[in-house]
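Visitor: I am new to reading structures. Could you walk me through one, feature by feature?

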Amino acid sequence: MSTLGQELITAAVIGVLQGSIYAMVALGIVLVYRATGVFNFAQAEFGTTALFGAYTAHVVWGWGYAVSFGFGLVVGVVMGLLTEALVIHPLRKASRVTLLVGTAGVALTAIGLQFWKYNETLIMVMPRISDGFHQTKYGSPTDQQLITVAVLVAVTIALALFFRSPWGLAIQAAQQEPVAAELVGINVRSVSLLIWGIAALLGGLAGILAGPNTTFSAAFLSFGAGGALLPGFMAAVLAGMRSMSGAVAGGLVVGFVEQLGNLTLLVDVNGARAMMLFVFLLLVLLFKPSGLFVPRAVTA
Amino acid sequence: MAVLEVQDLVVGYGQFPVLHGINFVIEEGEVCVLLGLNGAGKTTTVSAIAGLLKPTSGEIRFHGKSLRRRSPSARVKDGLSLSPEGRRIFPRLTVSQNLRLGAWSKRRDTRQARQQLDLVFGYFPRLAERGNQMAGTLSGGEQQMLAVGRAVMSRPSLLMIDEASLGLSPTLARAVWEATAQIARDGTTVLMVEQNAGALPFADRALLMEKGTLVHTAVGDDIRNVNLREAYLGA
Ligand SMILES: Nc1ncnc2c1ncn2[C@@H]1O[C@H](COP(=O)(O)OP(=O)(O)OP(=O)(O)O)[C@@H](O)[C@H]1O
Ligand SMILES: [Mg+2]
């Protein structure tokens, strides 16, 4: 096979591995966007904060890995619920721009807290779930990355099932017609808390699973080494900001397109990966602004 | 005992009062129609009863108990149900899903919900044929049937329907009113809101509303009185 062909397959493999993280972030972004009509700037910081929680429990306090992982998720979910209670709910009558600024404020607050609490620690490393890796012709996926893909698959299936369950239907009802939802007796506030809790859980999974891939510091999953906020947002745009399955597909495609920047072909181009992403997003917005992965009748 | 008692009800938007102290009672088993022109305050009245609007003053009692501190969802559980103006069905859910959500307040009793679903399909056979269709793709008349059917799913003791006839052909409007009359015969007390006098033959009693006050109550033959329609509805 030609070198280019082999490089493309490698880009696809690595792209899917990296894209799994983007997909999880995108799922959270889409979920919240459907509920509030707002892009949640804090989505990736749910992940970084959860990662800090898991790291603190495991490395600083010496707790077991699984318990620490769970603790990190709890920290992330608590942050999501607090965001709803302290920012989203009080601002529910405000404009979307105000809400957007509100979520940015949440992200900055979280980043500030992370810097403040961990100012002394220069390099933080979250250990992997398993240290194995698999050398192949097309890149060397680590166990950590394969587990991440498996978690994404499980999460996608769980979400699809959930949206067919009574509470999943109630969420959709509240998103589509809040007044009518209230009139059939759905507590729209509980639904809102539920949505932010799930979104934060998705962010938390992304953060704790991505953390071990590199060293990390404050703002890791937003703008740091794990930077998944922008790719996650792009994936959500590909999903028309509303399709859950589209967000997953979008995340994987964004991961792939980003890897195309690593082709030998582009070795002389500085910042080729970022450029590939922006060119791709630009093309999508030009030719199919409603999104690529949008099922005609969007239910979940 | 009266199902619903409304006493000196004042409701406004901001500082601006829309209802100026209205009084009426709805008795068990009757079909009552609240008639009035655009802007008379009919929707404001039923919204306050359903708990979507907070009254400035006055009292609403349901089966003798004050509703003042009851949330909208608590009122549904109590047996008060509103099919809102403009239908407000869940457009990207199927017809069956819309109906299932109508029984949300009593979702633990799945057997009852299934029985209620059969009942609704009996009132509106067209909905049964379209169970798996997205609600947003239904025709206007079918959407109205769905809105009423969804409101019936919670097994209310008082069913309020805000302008079922809006935007429907006379034939379709009559079909919806006939189904409403059947629902009432099966034991549900009904309060219809209408500006269409065509609903009068389906009601036991009419309350006429003008600019935020009740100006007349008609019962029996009076309802079918042409002068009354001319006087209050210009119809
Ligand atoms: N959200 C609102 N804010 C301010 N004023 C309102 C609001 N909703 C209704 N009003 C005013 O209250 C008055 C009564 O409105 P309401 O909707 O109750 O009338 P209605 O009898 O239901 O009319 P229609 O037959 O057109 O539905 C109107 O003058 C209307 O302009
Ligand atoms: Mg009205």
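Guide: Let's start with a helix. This model is predicted. Helix α2 of chain A covers residues 43–60, 18 residues in total. From its first C-alpha to its last it reaches 25 Å. That is close to the 26 Å expected at 1.5 Å a residue.

Visitor: Is α2(A) mostly covered or mostly open?

Guide: Count its buried residues. Buried means under 20% relative accessible area. In α2(A), 16 of the 18 residues are buried, so the helix is mostly covered.

Visitor: What follows α2(A)?

Guide: Look at the backbone angles there. Gly62(A) follows the helix, and its phi is positive, near 75 degrees.

Visitor: Now the ligand. Which residues come nearest to ligand 1?

Guide: There are 13 residues around it. Asn38(B), Lys42(B), Thr43(B), Thr44(B) and Glu85(B) come nearest. Helix α1 of chain B, residues 42–50, gives the most to this shell, with three residues.

Visitor: How do the shell residues divide into nonpolar, polar and charged?

Guide: Sort them by type. Four are nonpolar, six are polar and three are charged.

Visitor: Which polar atoms lie by the oxygen atoms of ligand 1?

Guide: A polar side-chain atom of Glu85(B) is 2.5 Å from a ligand oxygen. For a polar side-chain atom of Thr43(B), the distance to a ligand oxygen is 2.6 Å. Ala40(B) uses its backbone: a polar atom there is 3.2 Å from an oxygen of ligand 1.

Visitor: How much of ligand 1 does the protein cover?

Guide: Compare with the ligand alone. On its own, ligand 1 has 630 Å² of accessible area, and the protein covers 62% of that.

How values were computed
Residues are numbered from 1 along each chain as its sequence is written. Chains are lettered from A and ligands numbered from 1 in the order in which they are written. This is a predicted model: local features need pLDDT of at least 70, side-chain atom pairs count only at pLDDT 80 or more; totals for chains, interfaces and linings use all residues. Side-chain values use heavy atoms; hydrogens and water are left out. A residue is near a molecule or strand if one of its heavy atoms lies within 4 Å of it. A polar contact is a pair of N or O atoms within 3.5 Å; within protein, one must be able to donate a hydrogen and the other to accept it, and residues adjacent in sequence count only if both atoms are side-chain atoms. Accessible areas come from the Shrake-Rupley method with a 1.4 Å probe; for residues, only the protein chains shown count as cover. Helices (H or I, at least four residues) and strands (E, at least two) are DSSP runs, numbered from the N terminus. Ala, Val, Leu, Ile, Met, Phe, Trp, Tyr, Cys and Pro count as nonpolar, Asp, Glu, Lys and Arg as charged, and the others, Gly among them, as polar. The expected span of a helix is 1.5 Å times one less than its number of residues. Buried means under 20% relative accessible area, exposed over 50%, partly exposed in between (1.4 Å probe, protein chains only).
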